[in-house]
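Trainee: Could you walk me through a protein model, feature by feature? I would like the general idea each time, and then the case at hand.

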Amino acid sequence: MTQNNLRQEIVWAVEAAQEKHAVDITVLRLAEAFAEYFMLCSGQSTPQLQAISEAVEQRLEKQPIRLKHREGKPGAEWVLLDYGSFVVHIFSERARQYYDLERLWRNAERVDFPAPERGPKIQGEPESGSTGA
């Protein structure tokens with residue numbers, strides 16, 4: 001399995017997560033499981049987890065691909081978006097290490113997505129993480 005032969009809806013979910021700067025994006029193809037694919041990614045804050053989940057939901061809703069079930073309350077460290085044949089897991093880094101789904105599904109085919117490259121810094125643009133004050 002490669003990035004090029006993933007189903008289009010999974011590619012859209014990955015792209016939406018990348019747009020919100022999700023880290024460690026991985027897609028697992030599961031054999032004989034309740035879902036065919038898991039997409040896993042991490043966010044570095046609670047607001048980022050929420051932004052990633054909203055971006056994925058909005059991107060897929062436009063296609064229209066219907067969300068069957070959502071888990072994770074505001075402030076949660078893990079959001080689950082169930083689309084039936086694939087499930088999107090959005091974790092805090094701590095929760096991802098704790099649940100370690102990659103280890104639990106270690107026999108699954110795996111595709112990792114490198115972090116998107118950031119464009120060159122624009123002259124006068126504040127550094128990442130800077131408050132500008």
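Mentor: We will go from the overall fold to the sheet, the cores and the aromatic rings.
This is a predicted model, in which local features need pLDDT of at least 70 and side-chain atom pairs count only at pLDDT 80 or more, while totals for chains, interfaces and linings use all residues. Residues are numbered from 1 along each chain as its sequence is written, and side-chain values use heavy atoms, with hydrogens and water left out.

Trainee: How many helices and strands does the protein have, and in what order do the elements run?

Mentor: Helices (H or I, at least four residues) and strands (E, at least two) are DSSP runs, numbered from the N terminus. Here there are four helices and six strands, and from the N terminus they run α-β-β-α-β-β-β-α-α-β. Contact means heavy atoms within 4.5 Å; among the contacts with a separation of 6 or more, 61% are between residues 24 or more positions apart.

Trainee: What share of the residues is buried?

Mentor: Buried means under 20% relative accessible area, exposed over 50%, and partly exposed in between (1.4 Å probe, protein chains only). Of the 133 residues, 37% are buried. The protein exposes about 8400 Å², and carbon and sulfur atoms supply 47% of that area (Shrake-Rupley method, 1.4 Å probe).

Trainee: Now the sheet, please. In which order do the strands lie?

Mentor: Strands of a sheet pair through backbone hydrogen bonds, either parallel or antiparallel. For counting, two strands pair if DSSP finds at least two bridges between them. In this model six strands form an open sheet with mixed pairing, in the order β3-β4-β5-β2-β1-β6. The edge strands, β3 (69–71) and β6 (109–113), each pair on one side only. Neighbouring strands are turned by 15° against each other on average, direction ignored; the axes are lines fitted to C-alpha atoms, for helices over the stretch in contact, and angles run from 0 to 180 degrees between N-to-C directions.

Trainee: Which strand pairs run parallel, and which antiparallel?

Mentor: β2 and β5 run parallel and are joined by seven bridges, with Tyr37 partnered by Phe86 in β5. β4 and β5 run antiparallel with five bridges, and there Val79 has Ile90 as its partner in β5. In the hairpin of β4 and β5, three residues lie between the strands, and Gly84 takes a positive phi near 90°.

Trainee: Where do the side chains of β5 point?

Mentor: In a regular strand the side chains alternate between the two faces of the sheet. In β5, Phe86, Val88, Ile90 and Ser92 point one way and Val87, His89 and Phe91 the other way. Seven of the seven residues of β5 are buried. Helix α2 (residues 46–61) lies across β2 (37–43), β3, β4 and β5 (86–92), at about 160° to β5.

Trainee: And how should I read a nonpolar core?

Mentor: In soluble globular proteins, nonpolar side chains tend to be buried together. A nonpolar core is a set of buried Ala, Val, Leu, Ile, Met, Phe, Trp, Tyr and Cys residues joined through side-chain atoms within 4.5 Å. The largest one has 26 residues, and Ile25, Val27, Met39, Cys41, Val56, Val88 and Ile90 have the most contacts inside it. Two or more residues come from each of α1 (8–19), β1 (23–29), β2, α2, β4, β5 and β6, and α1 gives the most, with six residues. A second, separate core of 11 residues includes Leu28, Leu30, Ala95 and Leu101.

Trainee: Is Arg96 buried or exposed?

Mentor: Arg96, in helix α3 (residues 93–99), counts as buried because its relative accessibility is 9%. Leaving out residues up to four places away in sequence, Arg96 touches Val23, Asp24, Thr26, Leu40, Cys41, Ser42, Phe91 and Glu102.

Trainee: Last topic: how many aromatic pairs are there?

Mentor: A pair of aromatic rings is described by the distance of the centres and the angle of the planes. Rings of Phe, Tyr and Trp (its six-membered ring) pair if their centres lie within 6.5 Å; planes under 30 degrees apart count as stacked, over 60 as edge-to-face and the rest as tilted. The structure holds six such pairs. One of them, Tyr83 with Phe86, is stacked, at 5.1 Å centre to centre and 15° between the planes. Tyr98 and Tyr99 are edge-to-face, because their planes stand at 90°, with the centres 4.9 Å apart. Tyr98 counts as exposed at 67% relative accessibility, and Tyr99 as partly exposed at 36%. Trp78, Phe91, Tyr98 and Tyr99 form one aromatic cluster.
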